[in-house]
Every structure is written in structure tokens, then in C-alpha cells.
Amino acid sequence: MKKSFLLISLGIVFFGCQPSSKQNEGIDVGELVLNGQQEPTTPEETEVWEPQPPKVNVNPETGVPSDAIVLFDGSGFDEWISSVDSTAVKWTLNEDGSMTVKDKTGDIQTKRNFGSVQLHLEWRSNPESSATGQNKSNSGVFLQNRYEVQILDNNDNDTYVNGQVGSIYKQSIPLAMASSPTGDWNTYDIIYHEPEFDDNGKKTKSGTITVLHNGVLIQDHFEIEGTTEYIGWPKNEAHGKAPIKLQDHQDQSGVSYRNIWVREL
Ligand code: MG
């Protein structure tokens, strides 16, 4: 969108008042060069002054941007419901401002529906867990209730790599294993763009996902293939906005979460 605006603006600047059928279209600078368009000779010709980006302030104590929706700050489950039956969340609210998966009470999800988002969350594996493989602090965050970014304790615990921590489950191996030591807090910063579907329900554009794990790029604009299935191929049924979901893997994972906020894109 912003790129298109810049290109349109450059097009207007380049073409000035000359009538052109391309004046209101996105015009590629590379194309202008190829077509022999005269190169600007002053810096002003390639300056764009509108629109001004909105100002966003980040709270120095919490790190939360001023335009973010806070989904969890430790004060309660106001933004969440049980995915099982839409009743109140049964996970444990801790005194330190975190929450912990309560085994076999089911996934939880946001009351609000979201499309494309920037999502921040912090999670911690369970230092008491003696489980191995996929049962060691397994949880996960699902974008639009369908696409899982895996959460797992892979410290000295190997599993299939397309299901390890930071994978897009069964679809994309993370570029790095950036986990904190077992029991320490991790951050996920996720940029997610929702898929697009035509009127017949056919997918016309894949969703994409970028993930920073503790500040390390582990998913780089990956094109999501469809739902992240435990068994079977990814599915691509049309959908609109949907909740963000956190997983109860039902194996006494004991994963905790804190400081969750989202910015709609
Ligand atoms: Mg999981």
C-alpha cells in the first residue's frame, strides 16, 4: 500500500501535468528508467511529503505501543475465552503477571477477531517438565485460529524440525533455534498477513508470516500453505477475521505466557 502510494506519487512527480494513461496507476521507477524517462536532477523531485505516518509512542516500562490492543497484561482474562465452549478461561492466573496453561482445560482464544497483525507475546517453558519430544512444553500460537507458530522446549530435546520451536507447524523449519534456556522467558514478534480468497472461496493469495524469536529472525515472510494439520495436508477453506488462539497441548505442558499485545495492520 505504502509502496504503491510512493510509486504513484513518483509517477505524478515525474509526469507533471502531462496527460498520461498511467498517471493514476502504480508506476515502477525501474520501468521509467527502462523507457528512457529523464532522471530527476534535483533532490526535491523524489521527495514525498504526504501522508504523514501516524505517531506511535512506546511505553518505556511495558514496551507496549500506544496504538496496540493489549490482550494480556497479567490483570485478568478479559480479552479471552475458552475455545472449547466460549466460557471463561480456566488457565491459571499467576501473581507475577503471567498465566499458565491448565492441563486439559482446552485452548483459549481472543474474544476479538483479527486479520493481518503485528503480534507480540512472551512465553516460558516449564522448568519442571521431564517430558521429551513433542510433549516437552508444547503450546503454540494460532493466527486466525488456524495457522500455528509452534512453541516447544527444544533445549536438549530434538524432534522433527518442521515441528520444533518456531516452526510453522509441519510447513516451515525455523531459520534458527533461538530459545532461551528452559524456564526463562522468550519473546515472539510476529508479522502476519492474512490470506485472500475470491468470491468462490478459492485462495487467491497466500497468507505470510515473519517471526522474530528473542529478536532473531526465524521465519522470513513464509507463504503459509494452509492450515497447520497434525495429520494430513494443509487445508484452504475461505475465512475472514478470526481469533488468535493459544494451545493447551493436553500433556501437562505447563507453558506460561505474559505481555501479549497486537497491532492491526
Ligand atoms: Mg503446539
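Is Glu79 buried or exposed? At 17% relative accessibility, Glu79 counts as buried, where buried means under 20% relative accessible area, exposed over 50% and partly exposed in between, with a 1.4 Å probe and protein chains only. The legends below describe a predicted model, in which local features need pLDDT of at least 70 and side-chain atom pairs count only at pLDDT 80 or more, while totals for chains, interfaces and linings use all residues. Residues are numbered from 1 along each chain as its sequence is written, and side-chain values use heavy atoms, with hydrogens and water left out.

**View 1. Arg112 and Glu79 form a salt bridge.**
The closest N and O atoms of Arg112 and Glu79 are 2.9 Å apart. A salt bridge here is a side-chain nitrogen of Lys or Arg within 4 Å of a carboxyl oxygen of Asp or Glu. By this rule the structure has seven salt bridges. Helices (H or I, at least four residues) and strands (E, at least two) are DSSP runs, numbered from the N terminus. Arg112 is partly exposed, with a relative accessible area of 37%.

**View 2. Asp96 and Arg124 form a salt bridge.**
The closest N and O atoms of Asp96 and Arg124 are 4.0 Å apart. Asp96 lies in the loop between S3 and strand S4 (99–100), and Arg124 lies in strand S6, so the pair ties together parts that are 28 residues apart in sequence. Asp96 counts as partly exposed because its relative accessibility is 49%. Arg124, at 21%, also counts as partly exposed.

**View 3. Lys104 and Asp103 form a salt bridge.**
Between Lys104 and Asp103, the closest N and O atoms are 3.1 Å apart. Lys104 has 54% relative accessibility and therefore counts as exposed. Asp103 has 26% and therefore counts as partly exposed.

**View 4. Five residues coordinate the magnesium ion.**
Which atoms coordinate the magnesium ion? They are OD1 of Asn138, O of Ser139, OE of Glu148, OE1 of Gln150 and OE1 of Gln247, at 2.2 to 2.3 Å. Donors are N, O and S atoms within 2.8 Å of the metal (3.2 Å for Na, K and Ca); water is not among the atoms, so sites may look incomplete. Along the chain, the donors of the magnesium ion follow the spacing N-S-x8-E-x1-Q-x96-Q. Ser139 and Glu148 are both buried.

**View 5. Trp91 and Tyr257 form a stacked aromatic pair.**
The structure holds five aromatic pairs, including Trp91 with Tyr257, at 6.3 Å centre to centre and 25° between the planes. Rings of Phe, Tyr and Trp (its six-membered ring) pair if their centres lie within 6.5 Å; planes under 30 degrees apart count as stacked, over 60 as edge-to-face and the rest as tilted. The pair links distant parts of the chain, 166 residues apart: Trp91 is in the loop between strand S2 (80–82) and strand S3 (92–93), and Tyr257 is in strand S15 (residues 256–264). Trp91 is buried, with a relative accessible area of 4%. Tyr257 counts as buried because its relative accessibility is 0%.

**View 6. Lys245 lies over the face of Phe142.**
Lys245 is at 4.7 Å from the ring centre of Phe142. A charge sits over a ring if NZ of Lys or CZ of Arg is within 6 Å of the ring centre and within 35 degrees of the ring normal.

**View 7. The backbone at Pro51, Lys170 and Gln250.**
Most residues other than glycine have a negative phi, and most peptide bonds are trans. The peptide bond from Glu50 to Pro51 is cis, with omega near -5°. Pro51 is placed in the loop between helix H2 (29–34) and strand S1 (69–72). Lys170 is not a glycine, yet its phi is positive, about 65°. Lys170 is found in the loop between strand S8 (147–151) and strand S9 (185–193), and is partly exposed, with a relative accessible area of 32%. Gln250 has a positive phi near 60° and is placed in the loop between S14 and S15. Gln250 counts as partly exposed, at 41% relative accessibility.
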